Amino acid sequence: MLQANYNEINEEIRKDPQNAVYTRGKIRPLYYANPKAKILIIGQAPGRKAQDTHIIWNDVSGVRLRQWLGVSDEVFYHSGKIAVLPMDFYFPGKGKSGDLPPRKGFAAKWHPLLLKTMPEIQLTVLVGSYAVKHYLNLKSSAKLTDVVRAYQSYLPEYFPIVHPSPRNQIWMARNSWFATQVIPALRSKTENLLKN
């Protein structure tokens with residue numbers, strides 16, 4: 001029954017006029033939902049390489065994210081315990097300084113339908129400002145650094161983190177507390193949830 005439901009939702013996404021240009025180009029929506037998932041990762045949108053290979057988080061940022069979580073590729077992609085819902089399921093294109101932002105309203109339209117199919121989610125890892133501000137209902141002026149530093153305030157439901165992009169190297173150097181306090185806490189939470 002759940003598999004049928006997933007297939008129906010996927011078909012609805014593909015048929016949505018908002019996604020017509022992708023569907024015509026034979027580009028499938030990129031996300032991963034599983035009824036047994038314990039951890040949900042919500043990031044920005046697939047990058048070009050992820051979309052072209054149809055493997056989510058298939059880039060340097062993904063390697064770093066898995067290191068932060070303390071999980072292998074095998075666990076991340078094949079355990080069924082980690083789900084991934086980007087804020088947009090399609091690569092939005094390139095901008096002047098990196099990828100364009102996810103389309104407005106996309107996550108609000110499709111996430112609730114998919115979340116209903118994953119009743120065992122116990123932790124949602126919010127990766128980057130788009131996911132953090134949307135799910136925590138924060139103003140656009142909210143500073144991501146302050147939110148991540150106060151990550152414990154959002155537990156046990158949410159765990160906000162910065163994006164693992166190489167572009168954030170300078171931020172990481174300036175905020176050493178992230179590596180010494182936040183990442184170990186994220187790994188511990190992840191390990192405990194994946195044990196069950």
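A pocket, on a 1 Å grid over the protein atoms alone, is an open set of points with protein on both sides within 12 Å along at least five of seven lines, and its lining residues have an atom within 4 Å of a point. Grid points are joined across faces, edges and corners, and a volume is the space filled by probe spheres set on the points.

Before you start clicking: this is a predicted model, where local features need pLDDT of at least 70, side-chain atom pairs count only at pLDDT 80 or more, and totals for chains, interfaces and linings use all residues. Residues are numbered from 1 along each chain as its sequence is written, and side-chain values use heavy atoms, with hydrogens and water left out.

**Stop 1: the second largest pocket.** Select Asn-10, Tyr-31, Tyr-32, Ala-33 and His-54, which lie closest to the centre of this pocket among the 20 residues that line it. The space here comes to about 370 Å³. Now colour helix H1 (2-15), helix H5 (73-78) and strand S2 (82-84), the elements that give two or more residues to the lining; helices (H or I, at least four residues) and strands (E, at least two) are DSSP runs, numbered from the N terminus. H1 gives the most, with four residues. By type, the lining splits into 13 nonpolar, six polar and one charged, where Ala, Val, Leu, Ile, Met, Phe, Trp, Tyr, Cys and Pro count as nonpolar, Asp, Glu, Lys and Arg as charged, and the others, Gly among them, as polar.

**Stop 2: the largest pocket.** Which residues lie nearest its centre? Pick out Gln-44, Ser-61, Asp-99, His-163 and Ser-165, out of 32 lining residues. The volume is about 780 Å³. Show H3 (48-53), H4 (60-69), strand S4 (98-99) and H7 (129-135), each of which supplies at least two lining residues. H3 leads with three. The lining holds 15 nonpolar, eleven polar and six charged residues.

Stop 3: Go to the loop between H3 and H4 and select Trp-57. Trp-57 has a positive phi of about 55° although it is not a glycine. Is Trp-57 buried or exposed? Trp-57 is buried, at 9% relative accessible area (buried means under 20%, exposed over 50%, partly exposed in between, with a 1.4 Å probe and protein chains only).

Jump to Asn-137, in the loop between H7 and H8. Asn-137 also has a positive phi of about 55° without being a glycine, but Asn-137 counts as exposed, at 67% relative accessibility.

Then try Gly-128, in the loop between strand S5 (123-127) and H7. Gly-128 is buried, with a relative accessible area of 7%.

**Stop 4: a cis bond.** Zoom in on Leu-155 and Pro-156: the peptide bond joining them is cis, with omega near 10°. Pro-156 sits in the loop between helix H8 (144-149) and strand S6 (158-161).

**Stop 5: helix H10.** Select residues 177-195, a helix of 19 residues. Where is the kink in H10? Look at Ile-183, shortly before Pro-184, where H10 kinks by about 25°; the bend at a residue is the angle between axes fitted to the seven residues ending there and the seven starting there. Buried residues of H10 include Trp-177, Phe-178 and Leu-186.

Methods:
The expected span of a helix is 1.5 Å times one less than its number of residues. On a 1 Å grid over the protein atoms alone, a cavity is a set of points where a 1.4 Å probe fits but cannot get out, and a pocket is an open set with protein on both sides within 12 Å along at least five of seven lines; lining residues have an atom within 4 Å of a point.
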